[in-house]
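Hi,

Here is the structure I said I would pass on to you.

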Amino acid sequence: MRPKVNINTLHTKINAGEKITMLTCYDYPMALLEEKAGIDIVLVGDSMAMTVMGEETTLGMDLDTMVTHAKAVRKGSPSSFLVGDMPYMTYQISKKEAIRNASRFMAEAGCDAVKIEGGANMADTVEAMVKATIPVMGHLGLTPQSMAQLGGLKSQGRDCAGALRIIEDAKILEEAGISLLLLEAIPPEVGKIVAERANIPVIGIGAGPHVHGQLMIVHDMLGFFDAFTPKFVKKYVDLNSIILEALNGYKDDVVGQQYPDTCHHYNFINGEREKLLEKIENKQ
Ligand code: KIV
């Protein structure tokens, strides 16, 4: 197993000019594969509400579910830098609640950091969490938990004022103590400016090539979620078709009595079958 990825590993990669890899993950089997692939940062994202639970937004996700899944992901991926995504209204109400809720990702699930959405409005909360020993990843640009205010899941920072706000928010969050920053669905130039000015790893999901690393939602890149496909998604496989073919094959085999075959049978221990048949016959 590779050495555990920690914040220093990520800085070393940046200093060596190496890009950081990050993927979402929601369960143990996928975590095993992401571990094998050597993904640096694994995010247990509240996007699970949509990709796994079939919800239309991330807003209904609850903390218990997130912590349970983060635990499973940690078991499958012991060496990655694991980030737990704090669900809607688990950190916005008070600093005390934010710390208490974030501590569950750290203590129960073994996360290395938690992610929260928001800019200057979250600076005090970030400061309080960091003081309480919780490493925080910031998230700017398209922040899905604010979709009602943003008017939907829309790209951000595409006008001068919006871009400046992201650049300024990034600085404020870094000063407040975030350890990493995620930028979502913004122009590459904005990603470049933020990454160049930052002293922390800046990861992008639809933020262009100049940031320190890339994130994708694993269900998107595997072709395992097709309710909608954001512009930044690159599909590496069409898992939906592959799985559907297998499901249809199984159905056809059962209906056509091709499954189970003799190789799938549990046979009697030597001589026991004959014993049983004899007993049954004698009773009749
Ligand atoms: O929940 C998640 O997976 C995320 C990404 C969309 C950035 O926050």
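Predicted model: local features only at pLDDT ≥ 70, side-chain atom pairs only at ≥ 80, totals over all residues.

Let's start with the cysteines, and for that you need one definition: a disulfide is a pair of cysteine sulfur atoms within 2.5 Å. Going by that rule, there are 0 disulfides here. Cys-25 is not part of one, since its nearest cysteine sulfur belongs to Cys-111 and sits 11 Å away.

Next, please find Asp-85. It belongs to strand E3, which covers residues 81-85. Is Asp-85 buried or exposed? Its relative accessible area is 3%, so it counts as buried. Leaving out residues up to four places away in sequence, Asp-85 touches Leu-43, Val-44, Gly-45, Asp-46, Met-66, Phe-105 and Lys-115. One of these, Lys-115, also makes a polar contact with it, side chain to side chain, at 3.0 Å.

The largest pocket holds about 950 Å³ of space. Its lining is made up of 47 residues, and Glu-184, Ile-205, Gly-206, Pro-230 and Phe-232 lie nearest the centre. Several elements give two or more residues to this lining, among them strand E6 (180-184), strand E7 (202-205) and helix H10 (218-221). Which element gives the most? That would be E1, with 4 residues. Sorted by class, the lining has 24 nonpolar, 13 polar and 10 charged residues.

The second largest pocket has about 590 Å³ of space. It is lined by 28 residues, and those closest to its centre are Gly-118, Thr-143, Ser-146, Gln-149 and Leu-150. At least two lining residues each come from strand E5 (136-141), helix H7 (147-150) and helix H8 (160-176), with H8 supplying the largest share, 5 residues. The classes here are 12 nonpolar, 12 polar and 4 charged.

Happy to go through any of this with you.

Cheers

Key
Residues numbered from 1 in each chain as written. Heavy atoms only, no water. Buried < 20%, exposed > 50% of the residue type's maximum accessible area, 1.4 Å probe, protein only. Contact = heavy atoms within 4.5 Å. Polar contact = N/O pair within 3.5 Å; in protein donor to acceptor, adjacent residues only side chain to side chain. 1 Å grid on protein atoms, 1.4 Å probe; cavity = no way out; pocket = protein on both sides within 12 Å on 5 of 7 lines; lining within 4 Å. Points joined across faces, edges and corners; volume = space filled by probe spheres on them. Nonpolar A, V, L, I, M, F, W, Y, C, P; charged D, E, K, R; others polar.
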